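Visitor: I have a model open and would like to learn how to read its features. Please take them one at a time.

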Amino acid sequence: MAVGKEWTDDGAVHEIHSLKRRAAKATRPVPIPPVLVGMLREHIRSFGVAPDGRLFCNAAGNYIDASAHGITWGRAREAVLTLDEHALELAKRPYDLRHAGISFWLASGVDPAECARRAGQSIQVLFRYYAKFLAETRNHANTLIEDSMRRWEEVTDDDDAESA
């Protein structure tokens, strides 16, 4: 991860360290959908990996400069977002995709405990920071509630008909 030199122990922009609050050699398995596995395998076939095993590197095999990320991200946002979405600063930074992805898992019906496990967070943190609204989530919730209310009314109407 790239951070400012003033925030690292040795003054380097890239610092190698363990996952936060975990042992130095700890790992965290993160299951991913088969379609993403295919994309990553294709990337590795096409570009290989860096000498240290990283999936993404520059032409010399080194870390990709943070400014290159910013430029590419800005171009991608302009290419795919509507003017309204751009104005809302939707996906302003690549890290925002983490929030969107975890929110998507929740909206898709994935069990919150599994979402938290995959994200490496507690359930409390999951709901406090990651359970964000996606486009159309409110409309979907309203539809679910309205469908349940209709079914409830049908049961009540049936009970009234039977007693008459």
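Visitor: How many salt bridges does a search of the whole structure find?

Guide: Side chains of opposite charge can pair when their charged atoms come close. A salt bridge here is a side-chain nitrogen of Lys or Arg within 4 Å of a carboxyl oxygen of Asp or Glu. By that rule, searching the whole structure gives seven salt bridges. Keep in mind that this is a predicted model, in which local features need pLDDT of at least 70 and side-chain atom pairs count only at pLDDT 80 or more, while totals for chains, interfaces and linings use all residues. Residues are numbered from 1 along each chain as its sequence is written, and side-chain values use heavy atoms, with hydrogens and water left out.

Visitor: Which residue forms a salt bridge with arginine 45?

Guide: The partner is glutamate 42, and the closest N and O atoms are 3.1 Å apart. Both residues belong to helix α1 (residues 34–47), where they sit three residues apart, about one turn of the helix. Helices are DSSP runs of H or I with at least four residues, strands are runs of E with at least two, and both are numbered from the N terminus.

Visitor: Is arginine 45 buried or exposed?

Guide: Buried means under 20% relative accessible area, exposed means over 50%, and partly exposed is in between, using a 1.4 Å probe and protein chains only. Arginine 45 has 62% relative accessibility and so counts as exposed. Glutamate 42, at 41%, is partly exposed.

Visitor: Which residue does aspartate 96 pair with in a salt bridge?

Guide: Aspartate 96 pairs with arginine 93, with 2.8 Å between the closest N and O atoms. Aspartate 96 is buried, its relative accessible area being 19%, whereas arginine 93 is partly exposed at 43%. Another pair is aspartate 52 with arginine 54, at 2.9 Å from N to O; aspartate 52 is partly exposed, with a relative accessible area of 49%.

Visitor: Now the fold. How many helices and strands does the chain have?

Guide: There are seven helices and zero strands. Along the sequence the pattern reads α-α-α-α-α-α-α. Of the chain's 164 residues, 12% count as buried. A contact means heavy atoms within 4.5 Å. Among contacts in the chain with a separation of 6 or more, 31% come from residues 24 or more positions apart.

Visitor: How do I read the packing of two helices, and at what angle do α4 and α6 pack?

Guide: Two packed helices are described by the angle between their axes and the distance between the axes. The axes are lines fitted to C-alpha atoms, for helices over the stretch in contact, and angles run from 0 to 180 degrees between N-to-C directions. Helix α4 (residues 96–107) and helix α6 (residues 123–130) pack at about 110 degrees, with axes 10 Å apart. Angles under 35 degrees count as roughly parallel, over 145 as roughly antiparallel, 65 to 115 as roughly perpendicular and the rest as oblique. The two helices are therefore roughly perpendicular to each other.

Visitor: Which residues of α4 and α6 meet?

Guide: From α4 come Arg98, His99, Ile102, Ser103 and Leu106, and from α6 come Leu126, Tyr129 and Tyr130. These contact residues divide into five nonpolar, two polar and one charged. Here Ala, Val, Leu, Ile, Met, Phe, Trp, Tyr, Cys and Pro count as nonpolar, Asp, Glu, Lys and Arg as charged, and the others, Gly among them, as polar.

Visitor: At what angle do α4 and α5 cross?

Guide: The axes of α4 and helix α5 (residues 112–119) cross at roughly 155 degrees and come within 9 Å. That makes the pair roughly antiparallel. Arg98, Ile102, Trp105 and Leu106 of α4 make the contact with Pro112, Cys115, Arg118 and Ala119 of α5. This set has six nonpolar, no polar and two charged residues.
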